[in-house]
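Hi,

Here is the structure I promised to send over.

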Amino acid sequence: MDLTATTADLAAAATEVSRLLPTRVFDPVLAGLVLRAGAAGVELAGSDREHAVRLIRPATVHTDGEVVVPAKPLADTLRGLDDPQVRLVVEGSRLAVRTGTARFALPLLDLASHPGVPELPPAVGAIPSEALAAALTPVASATSKDDALPVFTGVRMLDIGGRLELIATDRYRMAYATVPWSPEGSLNVLAPAALMADVARLPQHTVVTIHADEDRVALSWPGGSVSTTLLAAPFPDDRARKLLEAIIDSTVVVEADALAGAVRRATPYSGPHGSVTLQIEDSELRVRGSDPQTGESEESVKATIEGNRVTKTFQARYLADALKAFSGRRVELRIQDGLRSTVLTSQPGEDGIELKYLVVPLRTVA
């Protein structure tokens, strides 16, 4: 293998692949990055048996070939180069990284021992990358980080006829979104949120294809793809949808950014439980924090109020995550009686995305 490519392109791609791969393994080949040079340029790929990534970058290929090298050392080496062009060439049992004034050599790993990078499942639909990121990012933020309950670490993805439905919950909050898309087949999966977190890294102004079968789900775009195995746990669809049917006790319409700022400023006073209180008045929302150690805070935010004047207390970080999803928009808080969830929602924007975020209150103050 022998190729010349833009250093910045290779460095960014190698970093993305190495970020996915495990660093502590008994067999070093499992932490290897696969380089494949051919007519399309150079492909950088890797897999940890569950997740996989392929990235294609332009290159002048002098000799076709395929090798496996340690991922992190290659990424670190490429990031440290100042030269605009770099040459990668196999020299015996080494991959040489060459510039005009320097040479670095990485050991070649056993290509035959590498588990390989799985092919993509069949395509089931397409969607603009910006729309997918706008819907998936807030939904994925509602997932749990506790792997002991895998059903709550995933995002439910379902085709509902011209719209893509997304649901996630960690039992204390839930996010729901639907977004227009172009279906090509059936989609009904529970995808790990780890893959969803990569959505924000997708190239802008491109179309993303969603792939799925009974074992894997993947996202692909011109020049790359990511895929992962599905979660086997059944998602409580019916119960989740019933939570969206709010029996409203009070409705508050407020600028999301203004309320988010008040919550952020109250957080240092949120006490040992990290809680802030929303007190609904006639024409404003009061955001309060109280901590025996640090003191108290109170701030008023203008709002349109309908219904009863109530007081609710929430985990500050959960409420902040929910408001972040509505940044730049007016948000409607549909507050229910007792300890039932408060539903945050807004009118769909030009992208056609419908978004709802549910947050469970900590307690109700009379």
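The accessible surface of the protein chain is about 17,100 Å², and carbon and sulfur atoms account for 51% of that area. Do keep in mind that this is a predicted model, and that every value here was computed from it.

On the inside, buried residues make up 50% of the chain's 366 residues. If you take the contacts with a separation of 6 or more, 65% of them join residues 24 or more positions apart.

For charges, I get 37 positive and 46 negative ones. Their mean positions are 4 Å apart.

I also looked at one residue in detail, Gln336. You'll find Gln336 in strand 25, which runs over residues 330–336. Is Gln336 buried or exposed? It counts as buried, because its relative accessible area is 5% and the cut-off for buried is under 20%. A polar atom of the Gln336 side chain lies 2.6 Å from the backbone oxygen of Ser341. Ser341 also turns up in the list of residues that Gln336 contacts once neighbours within four places in sequence are left aside.

Cheers

Definitions and conventions. Residues are numbered from 1 along each chain as its sequence is written. This is a predicted model: local features need pLDDT of at least 70, side-chain atom pairs count only at pLDDT 80 or more; totals for chains, interfaces and linings use all residues. Side-chain values use heavy atoms; hydrogens and water are left out. Buried means under 20% relative accessible area, exposed over 50%, partly exposed in between (1.4 Å probe, protein chains only). Contact means heavy atoms within 4.5 Å. Accessible areas come from the Shrake-Rupley method with a 1.4 Å probe; for residues, only the protein chains shown count as cover. Lys and Arg count as positive and Asp and Glu as negative; His and the chain ends are not counted. The place of a charge is taken as NZ of Lys, CZ of Arg, CG of Asp or CD of Glu. Helices (H or I, at least four residues) and strands (E, at least two) are DSSP runs, numbered from the N terminus. A polar contact is a pair of N or O atoms within 3.5 Å; within protein, one must be able to donate a hydrogen and the other to accept it, and residues adjacent in sequence count only if both atoms are side-chain atoms.
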